[in-house]
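Subject: Structure handover and notes

Dear colleague,

I am passing on the structure that we talked about, and my notes on it follow below. Please keep it open beside this message as you read.

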Amino acid sequence: MTTTPAPVSPHGQGGPARGEPAQGGLALVLGGGGAKGIAHIVVIEVLDELGLRPVEVAGTSIGAIIGACYCAGMTGRQMRAYATDMLRMRPEVLRRLLTCRVGRFTDIIRTGLTNPVLVDAEKLLDAFLPAGLPASFEDLAIPLTVVATDYHSGADIGLSDGPLLPAVGASMALPGIIRPVVHRGRVLIDGGAINPLPVDRVRAPVVIAVDILDGAREVSEIDATVPEPLDALFGSLTLMMQALSDIKIKQTRPTVLLRPPVAGFRGLEFFRAPEIFAVCDRARDDMKRRIARALEATPATLLEDPAGR
């Protein structure tokens, strides 16, 4: 039986008035890229230190996860502490991951088709997100748009109202690793498949976008090392996401484009969080200078928040 998809946000929707274009203020866009997205937390710390508060946020995949925590009211410092504490407990992380599996290893013998390491997106978020996050977009302190991909239509979908968890889960549903999410009559997968850096999903005139994919691209000597299966899968997807991200940036240029120095990290290396924080911390002053310089050149009328926040 085929279900007719429910109406979704029109292309580019999102903003302080939920459905109304933002008239002024600052928007933050957080891109996808797995563990590299830990760099988003450092950018948020920089905004906190500068006293800047966006009127809207858009995120894809890991950017949707970090964005949800930020829009719920967490500071960058709080997110860093939470991530550091959680990822320090490797056995506990692995235990929680096992509880999120969709299939069982015995299913391979029984059916030969089930992926025993496939995980459920919403269970994964339940297991790892901080307690107390709002249940719906409407309860967030800052309006948020998360981007997922409609598997059957091939369109990128902006979700900015209704239940929060399935929307964020859909945005991070990486094929082959996380099971697609059925939400509002649509089968949704990782937003990075179509829109890894959703700069076109915000309406504020001043946009800070954080691209964590560009840092993965570096010229090197020919390497004959064969990657592990998951690394090969994620690496291939990252290459495609890089190309799509470049197109989005050319089409919709953000006011400030930040590219944290995460080239030395792979998409699944979450346990290297302390190292990611360390290399990004060294770039903090440069981020501050670039943001401050851009805002100094921005007319004050564009930075006014019409909602009075």
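I begin with arginine 184, which counts as partly exposed because its relative accessibility is 24%, where buried means under 20% relative accessible area, exposed means over 50%, and partly exposed lies in between, for a 1.4 Å probe and with protein chains only. Please bear in mind that this is a predicted model, in which local features need pLDDT of at least 70 and side-chain atom pairs count only at pLDDT 80 or more, while totals for chains, interfaces and linings use all residues. Residues are numbered from 1 along each chain as its sequence is written, and side-chain values use heavy atoms, with hydrogens and water left out.

Salt bridges

The side chain of arginine 184 meets that of aspartate 161 in a salt bridge, at 2.4 Å from N to O; the term stands for a side-chain nitrogen of Lys or Arg within 4 Å of a carboxyl oxygen of Asp or Glu. Arginine 184 lies in the loop between β5 (181-183) and β6 (186-190), and aspartate 161 in the loop between β4 (156-159) and α7 (164-171), so the pair ties together parts that are 23 residues apart in sequence. Here helices (H or I, at least four residues) and strands (E, at least two) are DSSP runs, numbered from the N terminus. Aspartate 161, at 29% relative accessibility, also counts as partly exposed.

A second salt bridge is formed by aspartate 211 and arginine 259, whose closest N and O atoms are 3.1 Å apart. Since aspartate 211 is in the loop between β7 (206-210) and α8 (229-251), and arginine 259 is in the loop between β8 (256-258) and α9 (273-281), this pair ties together parts that are 48 residues apart in sequence. Is aspartate 211 buried or exposed? With 2% relative accessibility, aspartate 211 counts as buried, whereas arginine 259, at 35%, counts as partly exposed.

Arginine 266 and glutamate 269 form another salt bridge, with the closest N and O atoms 3.1 Å apart. Arginine 266 is partly exposed at 47% relative accessibility, while glutamate 269 counts as buried at 16%. Elsewhere, salt bridges that share partners join Glu45, Glu49, Arg80, Asp281, Arg284 and Lys288 into one network. A search of the whole structure finds 19 salt bridges.

Which way do the residues of β2 point? Glu56, Ala58 and Thr60 point one way and Val57 and Gly59 the other way, and all are buried. With five of its five residues (56-60) buried, β2 is largely enclosed by the rest of the structure.

Strand β1 (residues 26-30) pairs with β2 in the parallel sense over four bridges, where two strands pair if DSSP finds at least two bridges between them. In this pairing, leucine 30 stands opposite glycine 59 in β2. Strand β3 (residues 144-150) also runs parallel to β2, and four bridges join them, with threonine 60 opposite valine 147 in β3.

Together, β1, helix α1 (residues 39-50) and β2 make a right-handed β-α-β unit; right-handed means that, with the strands pointing away from the viewer, the path from the first strand over the helix to the second runs clockwise.

Valine 256 and the cysteines

Valine 256 is found in strand β8, and at 4% relative accessibility it counts as buried. Leaving aside its neighbours within four places in sequence, valine 256 is in contact (heavy atoms within 4.5 Å) with Val207, Ile208, Ala209, Arg290, Ile291 and Ala294. Valine 256 and alanine 294 are 38 residues apart in sequence, yet their C-alpha atoms are 6.9 Å apart in space.

How many disulfides does the structure hold? It holds zero, the term being used for a pair of cysteine sulfur atoms within 2.5 Å. The sulfur of cysteine 71 is 9.6 Å from the closest cysteine sulfur, that of cysteine 69, which is too far for a bond. Cysteine 71 is buried at 0% relative accessibility, and cysteine 100 counts as buried at 1%.

The whole protein

The secondary structure comes to 11 helices and eight strands, and 51% of the 309 residues count as buried. Among contacts with a separation of 6 or more, 77% are between residues 24 or more positions apart.

With best wishes
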